[in-house]
Amino acid sequence: MATTVATRNPSSSRTRVVPLDQYIAEHPTVRVFPPTSERATRIAMQTMWALIVVSLVILVLDEAGLFG
């Protein structure tokens, strides 16, 4: 695993090498999507799985002859 990172200054095109710990400290992780979006995605996925399960149960019961 790399212990140093080469970074480039866009204004001067100069490259400097910094330790990985320093680079991580200077560039904290930024969340791409807001928490609301992640919550909505989780709810949508759980709803999808629930619909799949319900569909499978209905198919099994239909094959067993319990629907008409």
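Start by selecting Glu-26, which is partly exposed at 39% relative accessibility (buried is under 20% relative accessible area, exposed over 50%, partly exposed in between, with a 1.4 Å probe and protein chains only). You are looking at a predicted model, where local features need pLDDT of at least 70, side-chain atom pairs count only at pLDDT 80 or more, and totals for chains, interfaces and linings use all residues. Residues are numbered from 1 along each chain as its sequence is written, and side-chain values use heavy atoms, leaving out hydrogens and water.

What do the side chains of Arg-16 and Glu-26 meet in? They form a salt bridge, 3.3 Å from N to O (a side-chain nitrogen of Lys or Arg within 4 Å of a carboxyl oxygen of Asp or Glu). A search of the whole structure finds one salt bridge.

Now switch to a cartoon of the whole chain. From the N terminus on, its elements run β-β-α-α (DSSP runs numbered from the N terminus: helices are H or I with at least four residues, strands E with at least two).

Zoom out to finish. The C-alpha trace spans about 75 × 30 × 20 Å along its principal axes. Show the surface if you like: buried residues make up 4% of the 68 residues in the chain.
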